Each structure stands twice: as C-alpha cells, then as structure tokens.
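Student: I have a structure open and would like to learn how to read it feature by feature. Could you take me through it?
Tutor: Gladly; let us look at it together.

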Amino acid sequence: MDDLSKLLFFLLLTISITTALPDKPVSGQINSNSVLVALLDSHYTELAELVEKALLLQTLEEAVGQHNITIFAPRNDALEKNLDPEFKSFLLQPKNLKSLQSLLMFHILPKRITSPQFSSAVVSHRTLSNDHLHFTNGKVNSAEITKPDDLTRPDGIIHGIGRLLIPRSVQEDFNRRRSLRSIAAVLPEGAPEVDPRTHRLKKKPEPIPAGAPPVLPVYDAMSPGPSLAPAPAPGPGGPRHHFNGEAQVKDFIHTLLHYGGYNEMADILVNLTSLATEMGRLVSEGYVLTVLAPNDEAMAKLTTDQLSEPGAPEQIVYYHIIPEYQTEESMYNSVRRFGKVRYDSLRFPHKVEAQEADGSVKFGHGDGSAYLFDPDIYTDGRISVQGIDGVLFPEEKTPVEKKTTAPVVKKAAKPRRGKLMEVACTMLGSQFSTCQ
C-alpha cells in the first residue's frame, strides 16, 4: 500500500467520525496513534485493505471509542502464500460482503488482551462477530501467534498470526458456492409432448437405475438424427421465468462499479449506448456472454478520432463481447493447449485473438494488445466479465499493392537468312537487295 493509499485510509477514518449522525454520540477521536491507523504498518497492509473494502471503518471506530480492542492480524506474506485465490475471489465479490465482514470481525476482540494473558489452558473469548476464539499454548484457533504484542497503542493492541482465521459460517457459505448450490442456472428443458391419441401430456419415463442396460442402442447415441437436436433454453416468457436477463446485466454492471477501476466501461453500457438492454434480451433468450472489460486507465488513452465516428462506442464494446461463456481458467487452458485461439465477437466478422504470454492470456496484436488483468470479476453461469488492461481494435488489413510492370516493347526481329543465302551474298557481293 503506497503513501497515497495510507493517506486515503486515514482520511476515511477521520471522515467517519466527523460525518456521524447527530443523534448518535461520538465516543472517541481517532488520531495518528490509534490502533486502526497502526494497521497501515507494512506488515499488515493487506488486512487494512480488506477492512476498507468491507466498509468496516465506521464500525471499528465505534468499537475503539467504547473500549480497547485486540486485533489478530495475519502478515502480508501469510495472506499471499496461504490464502486460496478462489476463496479470496469469493470474499471480494460484492454479493459476499457480509461474509467478508464476518471474517474480519472474527479477528477482533472487544477487549485488550496482552501476551502474558495467553496461558496453556484453553480459554475462549467472544469476538465482534459474536463467535468465540480459543487460546491454548500460544495459538489462537490452531493458528500460531508469531508476533505477540507486535503493535501496542493506547486504544488497542495487534498480535501477528501465521494465517487467516476463517469462521465456520463463512466456510460453509464458500462451500455452498463451490458446490454450485447457490447458482441459479437451470438445465434446458424441451417443450412438453402431447399424445396425439389422447391429447394429454406424455408422462416422463421413470429414472433408469444404475447398472441397467441402455434403453436405446449404442448406434443411436453415436449418430443422432436431426430429430434429436438439443432443446433451446427456456425464454423469459416461459411458465417458470427462470432467467431475468436485465436483472443479471444490472447485477454485473453494479459489480463493476463496486469492484473499482471500471467506471468508464459501466458508463458506456448504461448512459452512452443501449447495449445493456440488448445484452439483457440476449441473456433472457438463453444466450451466454463473456465481456472483456477495459479498465479506466485503458479507456482514458482513447483518442478523439477513435470516438468521433458515429456509433464508435457501440462498435468498440461489440468487439469486446464474446458470444461464449469463458472464465479465466478456460481461456488460459485453451491458449496453453492450442497456442493461439480466435474467439468470435459481436462485431461480425471480426474475431478476437488470444494467446499465452507471461503466464497470462494476451489479446490482440502488437501495440493494440491487452492482458487479462482482473480475472473473473463477475461469473454467474450466463455472463462472465474479465478485466483487461487495454482497449482492443480489430486488425486492419492493408490492401495489397499491385506491382506495376513496365510495358514490354517488342523489337522487330530481323529476318534470319539461311546458310545458302549467306554464301551467295559473300560470293556475289551486294548486288541483290536481300543481301543489304
């Protein structure tokens, strides 16, 4: 965390006090010697950044104003090495804000506990998340206390620990997400069949028990005919209303704004174009989309000439939408296996070329290339948003210049005289016109 981020963090702490509601008394004043500011120490900047993203500054300021607090903080290297990337992505999603808040409050006790109070006997203390931490033999919940009394301040104390503490409720939420229980994707179903003789709906066949012989021969499974085409996904007007494309598009745009650094892309989708409505219709009709979203730094490099043409914002965004559902893992596996992969885009017939570079996925060519910068910003089974660090443009094909060849001037060939005529001209001289 640089000096500017540290200053911003301290300003947010100060503003959270000065902007308190008039009917809510302010219990304390945060100064530079506070334990919350001590989190900005170089060993715990990762935890301080998580506290800021979890919107817990006001809550912690109130806790510090009422009583001393004790923070068990994992160091930056412990978070980078021991934290599962998938679990970190789960915590940073806006819809999992409560899980992130519960996890961080699980590290904070509403009392001051110093290292001499750590005994060999098992002792439990209630945290700010109303859970309990268990202490025994210099460990807290089986995590080793590596830096006891690392930072001591008048309003609190910070102990360094070897890893992140995860409460059971947060672990269960993460397990449900990984087992796909919380994803609202529904398998496509075919239209109901009506018996032409009785004019009633045909009953679904009973499930085949495991180990039973197949109902159809293997040949039918290997070469299905045209009548076995896959059924389309249920549309928005179906009786079950499975998919609400507009709500999902609004959800991923809201995620872009909360994630930070992609405000320009969200502004183009909502205010400058009608693409958000069009994408909502596509998703409602059963289509899937992958959005390559350039960050604000990349959008700021666009020139006036690139945006002055009629419909330029739409054409730019169309080229960044792939009519497939791709995640960071699937795209990286593709480029690792096939070298270069060309994805279709909504800007027909132009395609987006991807290849592996520097352990990531690189899109485009030369100076107009972009790297996969923020993977899996939003993934819900229908819409996938991948952050990139550049704006992509289709490769312009230069016209092949035709080689101009000089006109061939045919020289009149002199009539070749035979051997007999040559001998005659030599003997008789130039008396004949043919000898001249």
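Tutor: Helices (H or I, at least four residues) and strands (E, at least two) are DSSP runs, numbered from the N terminus. By that rule, Met-279 is found in helix H12. Please keep in mind that this is a predicted model, in which local features need pLDDT of at least 70, side-chain atom pairs count only at pLDDT 80 or more, and totals for chains, interfaces and linings use all residues. Residues are numbered from 1 along each chain as its sequence is written, and side-chain values use heavy atoms, with hydrogens and water left out.

Student: How many helices and strands does the protein have?
Tutor: There are 17 helices and 14 strands.

Student: Is Met-279 buried or exposed?
Tutor: Buried means under 20% relative accessible area, exposed over 50%, and partly exposed in between (1.4 Å probe, protein chains only). With a relative accessible area of 3%, Met-279 is buried. Across the protein, buried residues make up 35% of the 436 residues.

Student: Which residues does Met-279 touch?
Tutor: A contact means heavy atoms within 4.5 Å. Leaving aside residues up to four places away in sequence, Met-279 touches Val-249, Phe-252, Leu-269, Leu-289, Val-291 and Ile-321. Its C-alpha atom is also separated by 7.6 Å from that of Glu-246, 33 residues apart along the chain. For the protein as a whole, 65% of the contacts between residues at least 6 apart in sequence join residues at least 24 apart.

Student: Which other residues of H12 are buried, and what covers them?
Tutor: Helix H12 spans residues 275-284, and its buried residues are Leu-275, Ala-276, Met-279, Gly-280, Val-283 and Ser-284. Their cover includes helices H10 (245-259), H11 (263-272) and H15 (312-319), together with strands E8 (289-294), E9 (321-322) and E14 (383-388). Just after H12, Gly-286 takes a positive phi of about 105°.

Student: Where do the axes of H6 and H8 cross, in terms of angle and distance?
Tutor: Helix H6 (residues 85-92) and helix H8 (residues 168-178) have axes that come within 11 Å and cross at roughly 105°. H6 is therefore roughly perpendicular to H8. Glu-86, Phe-87, Phe-90 and Leu-91 in H6 meet Val-170, Asp-173, Phe-174, Arg-177 and Arg-178 in H8. Phe-87, Phe-90 and Phe-174 also form one aromatic cluster.

Student: How many aromatic pairs are there in the whole structure?
Tutor: Rings of Phe, Tyr and Trp (its six-membered ring) pair if their centres lie within 6.5 Å; planes under 30 degrees apart count as stacked, over 60 as edge-to-face and the rest as tilted. A search of the whole structure finds 6 such pairs. One of them is the tilted pair of Phe-252 and Tyr-378, 6.1 Å centre to centre with 45° between the planes. Phe-252 lies in helix H10 and Tyr-378 in strand E13 (residues 370-379), so the pair ties together parts that are 126 residues apart in sequence. Both Phe-252 and Tyr-378 are buried.

Student: What should I look for in the backbone?
Tutor: Most residues other than glycine have a negative phi, and most peptide bonds are trans. Asp-149, in strand E6 (residues 143-153), has a positive phi near 55° and is partly exposed at 26% relative accessible area. Asp-358 also has a positive phi, of about 55°; Asp-358 sits in the loop between E11 and strand E12 (360-363) and counts as exposed at 72% relative accessibility.

Student: Which residues does a cis peptide bond join?
Tutor: Phe-348 and Pro-349, with omega about 0°. Pro-349 is in the loop between strand E10 (340-344) and strand E11 (351-357).

Terms used. Axes are lines fitted to C-alpha atoms, for helices over the stretch in contact, and angles run from 0 to 180 degrees between N-to-C directions. Angles under 35 degrees count as roughly parallel, over 145 as roughly antiparallel, 65 to 115 as roughly perpendicular and the rest as oblique.
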